[in-house]
Amino acid sequence: MKDLKLFTIQYVGLKEGEHKFEYQIDKSFFDYFEFDDFNSVAVDVSLDFVKKSTLMQLHFKVNGSVNVNCDLTNEPYDEPIEGEIELVVKFGHEYNDENEEILILPYGEYELCVAQYIYELIILSVPNKRVHPGVEDGTLKSEILVKLEELSLGSKKEQENNDQSNTDPRWDSLKKLLTDK
């Protein structure tokens, strides 16, 4: 996918009304944007495009999965993603994309490339903290998890016992005042 002509919509030739566009996104799409956090990508994009006389409404919906590395163990896993955004395209004297929900195109334009919006929607649909599901339910066996357990400070009970045995005896006298009411 060296060029993104597939994601360019020539809206001048479209009749007023609702139009549907479907895209299948894979790793090569992200190679164009030089984004390499994903090992593999299998995402379906549905675009509902409503053309009206003075504006256009776009509703993007993504659903699929991306293969990413776990932040804790660096083990690859498939992260399911889904998301959607709305975009309103209006016409004006100059290009303006300062508002994330409204895009203003110059009057002479005749096409719109939606690749950037699809890219951003997929990136923002992935959680900030990526944790392998096996880490959460305890089924993942990894050398890194074993090492993290060894280096942890210990269990909570051990910490509480250490805290109680290492208290300053002067505080013990003050604690008695609270209980001797």
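Biologist: Which residues does Ser-125 touch, not counting residues up to four places away in sequence?

Modeller: Contact means heavy atoms within 4.5 Å. Ser-125 touches Val-62, Ile-81, Glu-82 and Gly-83 on that count. This is a predicted model: local features need pLDDT of at least 70, side-chain atom pairs count only at pLDDT 80 or more, and totals for chains, interfaces and linings use all residues. Residues are numbered from 1 along each chain as its sequence is written, and side-chain values use heavy atoms, leaving out hydrogens and water.

Biologist: Is Ser-125 buried or exposed?

Modeller: Buried means under 20% relative accessible area, exposed over 50%, partly exposed in between (1.4 Å probe, protein chains only). Ser-125 has 18% relative accessibility, so it counts as buried.

Biologist: Where is Ser-125 placed?

Modeller: Helices (H or I, at least four residues) and strands (E, at least two) are DSSP runs, numbered from the N terminus. Ser-125 sits in helix 2. Its side chain reaches the backbone oxygen of Leu-121 at 2.7 Å.

Biologist: What does helix 2 lie across?

Modeller: Axes are lines fitted to C-alpha atoms, for helices over the stretch in contact; angles run from 0 to 180 degrees between N-to-C directions. Helix 2 (residues 115-125) lies across strands 2, 3, 4, 5 and 6, at about 140° to strand 5 (76-92).

Biologist: In what order do the five strands form the sheet?

Modeller: Two strands pair if DSSP finds at least two bridges between them. The sheet is open, ordered 2-3-4-5-6, with mixed pairing. Its edge strands are strand 2 (17-25) and strand 6 (102-106).

Biologist: Which residue is the bridge partner of Val-45 in strand 4?

Modeller: Val-62. Ser-125 touches Val-62 too. Strand 3 (residues 40-51) and strand 4 (residues 55-69) pair antiparallel over 12 bridges.

Definitions and conventions. A polar contact is a pair of N or O atoms within 3.5 Å; within protein, one must be able to donate a hydrogen and the other to accept it, and residues adjacent in sequence count only if both atoms are side-chain atoms.
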